[in-house]
Amino acid sequence: MSNIESYPPVLRPLNASPAPLLPELNNYAMEDSSAPVPVVDLQCLSLEKLGEACKEWGLFRLVNHGIPPSLLIKLEEHVKMLFALPFESKQALVTNPLSYSWGTPLLTPSGAAPRGALNFNLLEAINVPLSQLPQFQAEDPRLEDFRHSLEEYARHLSRIATTLFEAMLKSLNVCTQQSESGLDESTGFIRLYRYPPRPLAAEAWGMTEHIDSSVLSIVNQDRVGGLEIFKDNKWLLVDPISGTLLVHVGDMMQAISDDRYMSVKHRVRVDKQEERVSICYFVFPGKGAVIRSSKYKPFTYTDFQAQVQNDTKTLGYKVGLQRFKLNPPV
C-alpha cells in the first residue's frame, strides 16, 4: 500500500481541496526566525517565570516534565503506525469511544465534525476521551498496546496539568473558592493529528488560525514542526525541541485569570516534503462549574461550548470569549 492511500481521499494530492486561505492575515509580517519561547522547568517551578510566560506569550516550553523519553518515542511510533493504516481500515478500527475525522480540528460533543465551518484544514484527527479510554477494546494487539501507552501518557499529563494549574493560581493570587472546579482531570482528552505534505503548494495550512477553548493544552510535536504563534502583530515559528512539551493557555484559563493570562492564537503550516504528526492534550473546567470573572458574565464551559458550536454552525467560525464579555467592544 502506498502512503497516499492511508489518507482520506479528499486529502490525497490529486484530489485534495485547495489549501485554505487566510486573507485577513495578509497585513501581518511573518518572521522566519524561531520564536524565543520562554522555558518553564517543572522540577524547579518558578511562579514568577510561569506567570510572565502566561502573561506575555500565552505559551511556554516545558522541560523536566517527568515523562520517560522511551514512552514519548513509543507513543509517536504508535501514532505514525495507526495513521499509516489504509483509510478504510482506520474507519473500521477507530470505534467508540474514539472518533476519527478529517478536514477540521473542531469536533462536536459526540465526536463528529461540525457542519458550517468555513475553513477546510489539511489534517486528519483521532479523538481520545481519556475517561472512556478503558472502554476501547480492539482485537488487533498493536492497538491494545497503543491503548496502554495512551493510558500511561494520560496519567503523566493529568499530573502535569494539575501541577501547572495550581501554580498558575498561586501566581495570580486567586483564592481557592474562586478556582473550585477550575480544572477537572476527567474532562481531559488527547487528539492525534496528522498533516499531509504539499510539495507543490507555495503555502498550505494544516490548521488555520485559532485559539484553544481549554484551560490548558499540552502539545507534543514531532521533529517536522510547522507550528506558528501570533505575537506582536507578526507570526513566529515555534521549532520542535526533542523531549520538551509546549503548553498553551486556553480561553478558560484566560477567563479565570481575568484576562491577566492570554490565550494564544496559533496555526500550523504543512511541510512541502514530510508529513507531520502531533499529540495534543486538552483539559477543561468541571461540568457545571461556574467561571466568575470581573471581565465576563458568569458562565460554564457547557455554555461556552454550546455558543461555539452555534457560532460555527451559523457564522462559520468561533467567536469565543467575546460572547461573554461584560463590556464587549463596539
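A residue is called buried when its relative accessible area is under 20%, exposed when over 50%, and partly exposed in between (1.4 Å probe, protein chains only). By that scale, Glu48 and Lys49 of helix α1 are exposed, whereas Leu50, Gly51, Ala53 and Cys54 of α1 are buried. This is a predicted model, in which local features need pLDDT of at least 70 and side-chain atom pairs count only at pLDDT 80 or more, while totals for chains, interfaces and linings use all residues. Residues are numbered from 1 along each chain as its sequence is written, and side-chain values use heavy atoms, with hydrogens and water left out.

**Overall architecture**

- The protein chain contains 7 helices and 15 strands; these are DSSP runs numbered from the N terminus, helices being H or I with at least four residues and strands being E with at least two.
- Of the 330 residues in the protein chain, 52% count as buried.
- The protein chain exposes about 15500 Å², of which carbon and sulfur atoms supply 51%; accessible areas come from the Shrake-Rupley method with a 1.4 Å probe, and for residues only the protein chains shown count as cover.
- Among contacts (heavy atoms within 4.5 Å) between residues at least 6 apart in sequence, 78% join residues at least 24 apart.

- A nonpolar core is a set of buried Ala, Val, Leu, Ile, Met, Phe, Trp, Tyr and Cys residues joined through side-chain atoms within 4.5 Å.
- The largest such core has 92 residues, and Phe60, Tyr153, Ile190 and Met253 have the most contacts inside it. Helix α4 (residues 141–172) supplies the largest share of this core, 14 residues.
- In soluble globular proteins, nonpolar side chains tend to be buried together.
- Leaving aside neighbours within four places in sequence, the contacts of Phe60 include Leu50, Ala53 and Cys54, as well as Leu164 and Met168.
- Helix α4 has 32 residues and reaches 46 Å from its first C-alpha to its last, close to the 46 Å expected at 1.5 Å a residue; the expected span is 1.5 Å times one less than the number of residues.
- Just after α4, Asn173 takes a positive phi of about 60°.

**Helix α1**

- The buried residues of α1 (residues 47–56) are Leu50, Gly51, Ala53 and Cys54. Seen down the helix axis, these buried residues fall within an arc of 160°, so they line one face of α1; the arc is that of the directions from the helix axis to the C-beta atoms.
- The buried residues of α1 pack against β2 (39–41), β3 (59–63), α4 and β11 (245–249).

**Strand β9 and its partners**

- In strand β9 (residues 227–231), 5 of 5 residues are buried. Leu227, Ile229 and Lys231 point one way, Glu228 and Phe230 the other.
- Strand β9 runs antiparallel to β12 (residues 266–269), joined by 3 bridges, and antiparallel to β10 (residues 234–237), joined by 4 bridges; two strands pair if DSSP finds at least two bridges between them.
- Ile229 has His266 of β12 as its bridge partner, and Lys231 stands opposite Lys234 in β10.
- The hairpin of β9 and β10 has 2 residues between the strands, and Asp232 takes a positive phi near 55° there.

**Ser278**

- Ser278 lies in strand β13 (residues 276–284) and is buried, with a relative accessible area of 1%.
- Beyond neighbours within four places in sequence, Ser278 is in contact with Arg191, Leu192, Tyr193, Tyr195, Asn220 and Gln221.
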